[in-house]
Amino acid sequence: MASTVVLLAVFMTNLDLWIVNVALPAMGTSFSTAQGQAVTLGSLSWVLNAYAIVLAALLVVAGRLGDRLGQRPVFLAGVAVFTLASLACTLAPSLGWLVAARVLQAVGAAAQLPTSLALLLATVPAERRTRATRNWAAIGGLAAAAGPVAGGLLVQVDWRWIFVINVPIGVATALAGLRALPAATRREEGRLPDLLGALLVTLAVAALSGALVQGPDWGWTNAGTLLLAAAALTAGAAFAHRSLRHSHPLFELHLLRLPRFGTAGAGTFVFGVAFAVMLLSNVLWCQEVWHWSALRTGVAMVPGPALVPVVTLLTARAAQRLGHGPLVAAGGVLFAAAMLWRAAFASLTPDYGRDLLPSMVLSGIGVGLALGTLVAAGVASLPAHRAATGSALVNSVRQISATVGVALLVAVVGAETGPAQRQDFRLAWLVAAALALVTAGIGLQLARATARAGTEAGGGTGQDTSGDARAASDAGGPRAATASGPADTR
C-alpha cells in the first residue's frame, strides 16, 4: 500500500510534463479570448518555464529538508501543496495567475520527488529494493506514454481539466499516505544548503529565458533584452562563486571537475535542450500548422515516448557490456536523424506517415539510448557518499536545460506560430539536430574517459568508477545536501 502511494504521487508529477505541453495552444486561445488580445508564445512559455526553474532550484533544498524533518511529512506536504496548486491552476482567471500557480506546483513537486525514493525503499524488504527502484524509475516512462493521449482527451473537454485530474489523485494520495507511509525515518542534523544560491540560480535562468523569449519582440539590441542578459550573467557568476566557496552549497559544482561526471552533465544539458525543442515544436506544428485537435496531436505523439522505456529496458545489458559512451553516441545520432527528417519532409499538408511518425520513432529510440544513459553514467561515476547530491545536480541540470530549450524555440520561431513560420520551425529542428550531434560527440568523449579510468584502475570492464572516486577525494569541497529526482518532470 505504501509503495502504491509513493508511485501514484510520482506518476502524477511526471504526467504533468506531457499534459501541459499538449494543452499549451488551447491555453493561448482561451486567454486570448478572455483578455481580448492575442497571447504570444513567449508569454505562454512561462507556463512551462516557471515550473522547471523553480523545481530545479528547490530539489536539493527540499531533499535536505526531508533529511532533517523526516521524509514522510515533507512528502505529504509536497502532495498537499501540489494538489492545492493544481486547484489554483484550474481556477486561473488570467495567464499571470496560472504562471504563479505553476510556481506553487513546482514547490510541491520539489518536496515530493527527492523524498519519494527514500520512502519507497523504506517500505520494502532489502531483497526487493532493486526491483522497487526500477519501478520508481519506470514511472516516468509510463507517464510519458500515457500523457499525450490523456492530455488530448482532457483538452477536448477544457484545458483546465489537465489540472482538475490532479486534485482527486492528490487527495487520495495524501489520505492513503497518512495511513500507510512509515512514520519513522532517519533524520539528520546540519545546515540547509545555500538558500541565497537557490535564489541566484532562479534569477539567472529566469533572466536568460526572458532574454531569449522577449528578444524577437523587443529586439536583440533593445535595452530590456540586454538588461536581462546582463542580469543572467551577473546572477550566474554570483551563483557559481557562492557554490564554489559556500560551506553548504546548493550544487556541488566541484563535482563537475570529475572527468566522467562533468562530461555526462554537459551531455545531459545539451541533449535536454534538444529534447525540449523537439517536444514543444511537434505540439505546436500539429495544432497550429496542421490544425489538428489536442487529442489527435496526443495520439500522434505516442510512439516516441512509448518507445523510450522499451529501449531503455532492452539496452540495459548493452550498457553493462559496452559502456555508457557508445549508447549515448548512438542515441545522439538517431535523435539528430529524427530532427533532420522533420526538417527535410515537414509539409504544410498533413502527412503523418511520411513526416511525423518516422521522426517520432527515431527520436524515441534516441531518447531511450541517450537520456537515461547520460544520467546513469554521471551518477555511476561518483563515489557512494556523493551519489545522492550528484543525482540532485543532474536532475536540476535537466530542468534548466528544458527551460533553455523552450526559450530557444521561442527565440527561433518567434511570438506567432503558424504556416508562415514554416522555415523558422525548420531552423529550430536543424538547431536541435546540431545539439544532438554534439551529444553524440560527448558520448564518444565519455567512452574515452571511461576507457582511461579502466586502464588507470588496472583494466576491467570499463565501468570502473575508482578513477573518478579518487578525483572526488582530491577535489574536496564541502558536502552538500542530499536529494534525488525522477526520470523527467517538467
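1. Tryptophan 290 counts as buried, at 5% relative accessibility, where buried means under 20% relative accessible area, exposed over 50% and partly exposed in between, with a 1.4 Å probe and protein chains only. Tryptophan 285 is likewise buried, with a relative accessibility of 0%.

2. This is a predicted model, in which local features need pLDDT of at least 70 and side-chain atom pairs count only at pLDDT 80 or more, while totals for chains, interfaces and linings use all residues. Residues are numbered from 1 along each chain as its sequence is written, and side-chain values use heavy atoms, with hydrogens and water left out.

3. A search of the whole structure gives ten aromatic pairs; rings of Phe, Tyr and Trp (its six-membered ring) pair if their centres lie within 6.5 Å, and planes under 30 degrees apart count as stacked, over 60 as edge-to-face and the rest as tilted. One of the pairs joins phenylalanine 31 to tryptophan 159, and it is tilted, with 5.4 Å from centre to centre and 55° between the planes. Phenylalanine 31 belongs to helix 1 (residues 2-35) and tryptophan 159 to the loop between helix 5 (129-157) and helix 6 (161-164), so the pair ties together parts 128 residues apart in sequence; helices here are DSSP runs (H or I, at least four residues), numbered from the N terminus. Phenylalanine 31 is buried at 1% relative accessible area, and tryptophan 159 is buried at 4%.

4. The rings of tryptophan 285 and tryptophan 290 have centres 6.4 Å apart and planes at 70°, so this pair is edge-to-face. Ring pairs link Trp285, Trp290, Trp292, Tyr352, Phe425 and Trp429 into a cluster.

5. Helix 14 (residues 324-345) packs with helix 15 (residues 356-380) at an angle of about 150°, their axes being 7 Å apart. Helix 14 is therefore roughly antiparallel to helix 15, since angles over 145 degrees count as roughly antiparallel, under 35 as roughly parallel, 65 to 115 as roughly perpendicular and the rest as oblique. Axes are lines fitted to C-alpha atoms, for helices over the stretch in contact, and angles run from 0 to 180 degrees between N-to-C directions. The residues of this contact divide into 20 nonpolar, seven polar and one charged, with Gly counted among the polar ones and Ala, Val, Leu, Ile, Met, Phe, Trp, Tyr, Cys and Pro as nonpolar, and with Asp, Glu, Lys and Arg as charged.

6. Glycine 323 lies in the loop between helix 13 (316-322) and helix 14, and is buried at 6% relative accessibility.

Conventions:
Helices (H or I, at least four residues) and strands (E, at least two) are DSSP runs, numbered from the N terminus.
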